[in-house]
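Colleague: I'm new to this one. Could you walk me through how to read it?

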Amino acid sequence: MPTGYTATGLYSGTSARTRLSLRLATPAWLCVGAAAALSAIGISAIGTTRPELAARQGLFLMVGVAAACIVALVPPRMLRTLSWFILALSVVLLVFVLLPFVPKSLVTPRNGARAWINLGAADFQPSELAKIAFILCSAQWFALQGPPRTLAALAFPAGLAAAIVGLIVLEPDLGSALLFGPTFLAITVVAGIRMRFVWMAIIAAAILAPVAYLGVLRPYQRARIDAITAQIRGDDRYESSIGFQGWRAMRLVGAGGLFGTDRDRARALVSFNKLPEEHNDMIFAVIACRFGLAGASIVLACHGLFAAGAVLLAAMARDGFTRLVAVGIGALLFAQMTVNIGMTIGLLPITGVTLPFTSYGGSSLLSCWILTGILFGIGIRPPTGGEKDPFDA
Amino acid sequence: MPSSGTDRRAPSRGRAIGVSTRRTLWLGLLGVGLLAVLFLQVVRLSVAEHATHLQNVERFLRETRWLPAARGAIRDRNGKALAEDRASWDVLLQYDAIDGSWARARARRAALEAVGRAAWRELSPEARDAEIDRHEANFAQMLEERVLAPIMAEGAMGREELEARLSAIMTRVERQAVGYRENRKDALRRKYGGDAPIEVIERERAPSQLDAHVILEGVSPEVAFAFQQVELELPGTVAVEPTTRRVRPYDLVRATVDRSAFPTPARSSRPIELELEGVADHIVGYMRHVYAEDVAMRPFRAADGSEDLKGYREGRDLVGSRGAERTAEAVLRGSRGKVTKDLRSGEELRIEPEHGLDVTLTIDIDLQARLHALLMPEVGLARVEQYQIGWDKEGRPKSGPLPVGTELKGAAVVLDIATGEILAAVSSPTLADGRGMSRDDRVRELPSMFRPFEGVYPPGSILKPLVLCAAAAEGVLAPDERIECRGHFFPDRDDMLRCHVFRPLEGRTATHGPLDGPGALARSCNIFFYTLADRLGETRIVSWLSRFGLGARPDAGLSYVRSERVAGESAGDGATRSVVVGEAAGSVPSGGGTGAVRRDRVSDALLGIGQGPLTWTPLHAAQAYATIARRGKVVPPTIFRLLVGERPTVDLGVPGWAIDECFAGLRDAVDAGFGSGHHITLRDGTREELFAIPGVRVWGKTGTATAPPLRRDIDGDGADERVQTDHAWFVGFVGGEDGAPRYSIAVILENGGSGGKVAGPIAAETIRALAELGYFAPNTGGGR
């Protein structure tokens with residue numbers, strides 16, 4: 001058979017050894033490398049203030065990497081088939097945690113939220129599974145239906161997103177719910193939505209935001225928005241009250257300077273400044289305090305590399321499903337990073353969103369590595385599909 | 001790349017990128033933009049604002065505690081402590097133990113442990129409260145038995161008294177909390193305007209609600225140790241703190257006054273026992289909490305955040321309120337110490353406190369106490385008595401403007417002539433007397449005024465020696481010159497500018513005839529001094545009076561600057577002005593002979609007898625007479641003992657013969673039968689000498705100065721009448737038998753009437769006190 005370029009692109013007619021080397025030369029390595037670096041930085045940062053948790057995080061990492069390896073072995077076409085099952089399972093679990101008659105031994109309220117299922121050795125957060133399921137199902141939907149040129153074409157995925165978001169908001173876990181917005185937006189944009197719909201959505205959100213502020217948000221949520229708007233202006237009126245967490249985090253980031261400080265001093269600064277959730281939501285403040293601008297820049301760069309890897313995977317993909325999965329995963333984790341770091345450095349309100357790969361927590365770390373595994377699984381396999389760009393009319 | 005000939009197709013390098021791919025790449029660029037925003041913000045925080053944030057977070061690594069400095073003592077000239085800090089222990093109750101929060105918090109903890117953390121999270125708020133309620137009674141009982149009962153026992157107080165004290169603390173704290181929150185709200189409103197987050201303030205606890213409050217003061221070390229054990233067993237209930245307490249040993253003195261030498265009508269062989277409250281309290285002063293003006297003058301924390309260890313903290317520090325505590329504040333205060341503890345390493349950096357220095361006053365507290373007693377109305381001299389008013393020829397008591405028994409306010413000053421040191425300065429009523437008065441009485445009696453330094457009065461006849469000196473110095477009076485007293489100054493007007501012996505309406509037309517200076521002084525002839533004043537004119541009189549100290553603050557050591565609110569519509573809200581208080585300048589006529597209004601001869605003449613727009617304080621009077629005693633040399637008075645340096649002197653250049661005439665006249669005034677201060681006349685007509693005191697020589701001048709009209713209900717009908725009275729002065733100096741004057745004395749009784757009869761006996765007793773305390777012993781120049 002003649003070798004060379006065909007309609008399917010580069011891979012046709014090459015030797016088996018060439019196909020193997022091409023599978024391994026994939027942008028997914030950027031994602032894996034960045035994920036590994038971020039995980040290692042996270043363990044180090046957690047160990048600064050909570051050494052006992054750092055060891056556990058290491059165990060979670062091993063579980064996560066193992067899960068990633070397993071997921072990477074699953075072919076994308078099988079993921080397409082499994083996506084609806086995963087979605088159904090996640091919806092069932094999201095409803096499960098909200099049921100009032102569920103024993104407290106299974107669903108333990110934490111900080112006023114019913115968001116975790118007690119598995120004995122660890123807690124599992126159904127919203128993490130829902131994120132994965134949503135990305136797979138949305139990608140599958142648009143891959144089958146084609147570019148959403150009308151609003152009606154968006155009805156099902158938007159309704160699906162609304163349903164999942166609604167269940168998560170009821171927990172309540174507003175932070176996780178917020179991440180669905182940018183993820184859905186990125187998927188629909190790449191899937192070919194008319195841009196006028198996007199601008200309409202953005203304008204509608206801007207108009208509805210004050211309504212949501214006054215009528216939907218709870219008082220403590222409104223207070224957090226008040227606090228951050230004051231903080232952005234440099235107004236310290238809330239520093240010793242509702243803005244305490246945001247201001248402390250921001251000040252600790254600034255205190256790190258260029259290269260940070262030694263471990264003991266960093267621990268003392270974080271401890272005596274009474275930074276809440278220093279191993280969890282506020283881990284970036286600990287990193288910046290400990291390692292300075294240098295460390296913070298590395299974290300930002302790693303997230304940039306991860307997103308770059310996802311973007312390149314998406315750009316190189318030839319079928320709609322894998323492209324949208326790559327875009328969805330990249331957008332989800334990038335949005336999560338932006339919200340977390342944004343709230344730590346005084347640009348966004350405190351929302352209780354963790355920093356991917358870095359914050360302490362088994363569910364979050366496992367979910368991030370599963371997503372990485374999916375990307376890697378996409379990346380190491382030859383692209384399928386036609387010569388044309390998917391979703392082009 | 002493998003290829004075949006005709007089947008080879010060119011790669012699709014020139015084909016346009018699809019929309020989806022393009023959008024994917026644009027999303028990537030958007031991500032780059034967001035990353036850049038995050039990065040730039042991190043750079044801003046870590047580089048541009050690094051120092052600010054580092055300073056802010058580092059302050060939590062340190063714990064600072066302040067070490068109080070002991071305040072210096074105030075001592076009298078003999079070293080006796082008039083005010084000093086004494087070490088003590090206070091037992092304090094935490095506010096949480098007072099308002100029930102402690103028991104509630106402990107009960108909550110116990111309920112949580114009993115129920116279990118997991119189950120606790122699942123309980124509703126109502127269920128949690130029920131669990132807490134079950135445990136709360138136990139902790140309340142524990143508090144009662146182990147804290148409150150010992151407090152009642154050690155404090156010798158019953159349940160009701162303890163409850164009253166705790167209630168008073170709570171009332172005060174809640175009031176302070178309201179004030180604290182209002183101040184915080186005001187501060188936020190000023191800073192942030194209408195959208196200030198004042199609702200946040202309502203949830204704040206005021207500092208007083210987090211503090212411990214003194215419940216037992218000045219306990220012994222054994223009691224302090226016992227409560228320290230309670231503190232260890234029940235943390236958060238009591239605290240024991242070392243403290244210093246400002247003690248004034250002479251706040252209450254028991255004294256015995258010998259009345260055996262009093263004028264016969266007031267004499268008694270039985271001494272009178274007295275409790276003297278507030279001896280020298282005006283001079284020593286008190287402490288108070290700092291005001292904003294004190295903080296503004298010397299803040300503990302400056303605007304740039306630096307600390308001044310000697311600075312003041314509002315709401316925490318005490319400052320001298322008046323008297324020596326106030327004017328010697330900078331010396332007495334000292335500087336607090338500081339312990340900065342690194343919370344990481346536990347290392348402490350100490351700055352030891354610098355304790356305040358002692359100050360020594362010139363007063364003799366024993367002499368001060370004697371004079372304090374003499375001015376107490378119950379002793380019998382400082383009140384209106386019939387012998388002061390007199391009897392008519394038929395022996396019927398005359399009536400005076402004030403009824404017999406009326407208590408008199410007054411002052412007395414004793415000054416060491418050689419050094420200008422003030423040995424005693426007494427004001428009646430005292431600050432302590434004022435604490436027992438109603439508001440109306442305080443307004444009328446003015447106990448807060450330190451009359452020796454702040455009371456301004458017309459001098460009256462006691463100004464005459466100064467006028468004589470001025471006339472001699474200006475050459476308008478010749479040595480031994482005689483001036484005729486015809487009873488009135490203007491030849492054709494016998495109804496004005498009269499001598500006190502010439503009262504035609506009473507049928508008395510006596511005159512003194514020709515008098516020289518000593519004779520005029522001894523007899524207090526008005527005509528002589530009208531004449532001198534007329535010759536001098538107002539300008540020269542004022543000039544000389546100013547040289548003797550009138551119209552200027554003596555600056556003896558008790559004056560200080562105070563802010564007071566400016567009243568009146570023209571003043572804005574909160575307008576204040578600085579005023580000097582503590583010592584008065586008195587007043588002299590201004591602009592005499594210049595300008596549109598020229599003073600007439602009558603006004604000039606009246607100045608000669610100390611009447612007109614002239615006022616001075618008892619200190620001015622004592623100081624002026626001391627100047628005469630020094631033969632015209634001015635030595636500034638002082639109430640603080642100077643450790644180094646000579647006192648500055650100014651020679652006024654008064655001719656020696658004028659001084660001699662003053663001496664002669666003042667001596668005759670008290671020693672000669674015709675002297676105005678020589679005797680009192682009893683009912684039976686006998687004369688009783690005032691200054692027949694063995695071992696001393698007295699020179700003095702009486703004065704009966706027209707006082708501003710009083711408004712007093714004399715007849716008891718409930719309505720005040722306008723009463724015209726005179727202030728009673730006696731001013732002079734006294735020495736030992738060797739003849740050299742050593743101490744000048746000034747005594748005034750407000751509205752007392754006759755200087756000789758009212759102020760004279762008190763001056764005489766003052767001299768006896770000096771003698772008994774050894775002030776006239778041969779080698780006691782400059783005091784004991």
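Colleague: How many of the residues of chain A count as buried?

Modeller: Buried means under 20% relative accessible area, with a 1.4 Å probe and protein chains only. Of the 393 residues in chain A, 55% fall in that class. Keep in mind that this is a predicted model, where local features need pLDDT of at least 70, side-chain atom pairs need 80 or more, and totals for chains, interfaces and linings use all residues. Residues are numbered from 1 along each chain as its sequence is written, chains are lettered from A and ligands numbered from 1 in the order written, and side-chain values use heavy atoms, without hydrogens and water.

Colleague: And how many aromatic pairs are there over all chains?

Modeller: Rings of Phe, Tyr and Trp (its six-membered ring) pair if their centres lie within 6.5 Å; planes under 30 degrees apart are stacked, over 60 edge-to-face, the rest tilted. That gives 22 pairs over all chains. Take Phe357(A) and Trp369(A): their centres are 5.7 Å apart and their planes at 85°, so they are edge-to-face. Both Phe357(A) and Trp369(A) are buried.

Colleague: What about Phe663(B) and Phe733(B)?

Modeller: Those ring centres are 5.2 Å apart with planes at 50°, so that pair is tilted. Phe733(B) has 0% relative accessibility, and Phe663(B) has 15%.

Colleague: Which residue has its charged end over the ring of Trp544(B)?

Modeller: A charge sits over a ring if NZ of Lys or CZ of Arg is within 6 Å of the ring centre and within 35 degrees of the ring normal. Here it's Arg547(B), 4.2 Å from the centre of the Trp544(B) ring. Likewise, Arg313(B) lies over the face of Phe300(B), 5.4 Å from the ring centre.

Note on methods:
Buried means under 20% relative accessible area, exposed over 50%, partly exposed in between (1.4 Å probe, protein chains only).
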